[in-house]
Amino acid sequence: MKLFKPLFLMFVMVITSQSVRAQLVIEITSGADQLLPIAVVPFEYSGANPLPEDIAQIVESDLLRSGVFETIPRASMLSEPSSSDNVFYRDWRILKAEYILVGAVLSASNGNYQVAFELLNVNTQQRVGNKEVISVTPSSFRDAAHFISDKVYQALTGIKGAFSTRILYVTAEGDRSAPNYKLQVADADGHRAQVIVESKEPILSPSWSRNGRFITYVMFRDRRPNIFIQELATGKRSKVAQYKGLNGAPAWSPDGKRLALVLSKDNNPEVYVLDIATQKLDRMTNHYAIDTEPSWEPDGKGIIFTSDRGGNPQIYRLDVKSKEVERVTFEGDSNTRARMTPDGRYLVTVQKDSGNYHIALQDMKNGRVTILTQTYLDESPSIAPNGSMVMYATTEGNKGILSVVSVDGLVKYKLPSSNGDVREPAWSPYFK
């Protein structure tokens with residue numbers, strides 16, 4: 001039996017005393033045409049004390065947000081079974097549901113709860129996988145719900161779910177001439193947002209280590225950029241770059257032992273690699289143009305980066321071993337801030353065309369480019385660890401918000417915040 005303790009406890013040591021009241025709220029803006037109908041039945045509960053969260057409602061929201069599923073409204077349900085033993089499949093065929101998720105929450109003697117759930121196929125009248133029972137603490141209901149969502153998503157799509165992951169982002173609140181900056185962490189659905197770092201000077205370029213234990217970011221001190229590494233569980237942080245000039249754009253290597261970063265300590269912005277253990281710096285580029293925004297390929301053999309060495313900003317690939325450089329993008333007026341999907345198949349960039357900035361997807365096998373967004377000022381793409389979704393910053397009215405688009409461009413939703421501008425998203429890896 002799996003015991004769920006809240007994932008956010010790993011962050012509690014670094015939270016400021018003031019929690020974030022304005023959480024991100026999901027708003028679906030479009031979806032795919034072919035959706036899989038599923039009924040997420042309210043989980044049965046007969047305890048005396050109210051439950052901290054509605055697990056079934058969280059699961060339903062997760063599945064809707066994926067753009068793969070169409071959920072049956074609770075008001076339309078003809079019955080609310082809690083296990084496969086009391087399911088009347090005829091009721092669900094009438095509603096045209098293809099799958100049903102049923103479950104129950106039971107109080108445990110130690111103050112925790114047990115949650116049992118089953119995924120059922122309406123057509124075959126058979127269970128999909130096994131019935132599972134998990135133990136849940138009062139503070140980890142959302143973690144349990146995201147775990148169940150991941151189970152359902154993987155069972156029905158064959159792709160690992162990313163509902164249990166986290167996101168980093170930066171908010172700027174208050175007077176626009178002198179805003180207060182906060183680096184925040186939240187669930188992938190925007191809930192349980194907490195402040196990690198707060199500053200009167202800008203915070204930029206947050207990035208996760210591959211095991212999710214550490215983050216790195218740029219924070220200005222006395223108007224000078226410095227690069228920090230911070231352990232989330234303890235709040236312990238160290239400054240790893242404070243050279244004269246630019247210190248920016250840190251990116252973790254897949255093995256977690258190195259950082260790619262941009263320094264101008266030798267008078268021109270160049271890509272360097274820092275060995276975290278030894279603090280040894282290796283200069284990777286050497287060109288009179290501006291080289292910036294490095295990001296590692298999934299296998300660690302190459303670094304993709306932005307350079308204007310061809311006259312306008314485009315994406316180039318650097319071979320880590322030989323340091324040979326080749327151009328990767330050719331379409332659009334410019335391409336910047338590249339990120340690669342975990343399987344290495346696609347490259348996501350910010351592409352400028354006719355004065356507008358859109359999120360673009362380039363197939364690395366055939367070179368085909370697809371424009372995923374139609375808003376005019378999109379930036380800072382970050383890819384979900386299963387490669388299915390891209391989170392990015394954009395503008396709505398005069399306010400910065402976060403939006404998400406699927407890699408096929410068919411699903412879009414936004415996560416607006418009621419306070420301040422939201423920028424610089426970074427989607428976490430799977431936690432190990």
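**Ground rules.** I number residues from 1 along each chain as its sequence is written, and I work with heavy atoms for side-chain values, leaving out hydrogens and water. Because the model is predicted, local features need pLDDT of at least 70 and side-chain atom pairs count only at pLDDT 80 or more, while totals for chains, interfaces and linings use all residues.

**Salt bridges.** I looked up the total and found 26 salt bridges (a side-chain nitrogen of Lys or Arg within 4 Å of a carboxyl oxygen of Asp or Glu).

**Asp91 and Arg90.** I found these two joined by a salt bridge, with the closest N and O atoms 3.9 Å apart. Asp91 counts as buried because its relative accessibility is 10%, whereas Arg90, at 55%, counts as exposed. My cut-offs are under 20% relative accessible area for buried, over 50% for exposed, and partly exposed in between (1.4 Å probe, protein chains only).

**Asp143 and Arg192.** I read 2.9 Å, N to O, for this salt bridge. Asp143 sits in helix 3 (residues 141-157) and Arg192 in the loop between strand 10 (180-187) and strand 11 (194-199), so I noted a link between distant parts of the chain, 49 residues apart. Helices (H or I, at least four residues) and strands (E, at least two) are DSSP runs, numbered from the N terminus. Asp143 is buried at 3%, and Arg192 is buried at 11%.

**Asp255 and Arg258.** I found a salt bridge here with the closest N and O atoms 3.5 Å apart. Asp255 is partly exposed at 42%, and Arg258 is partly exposed at 22%.
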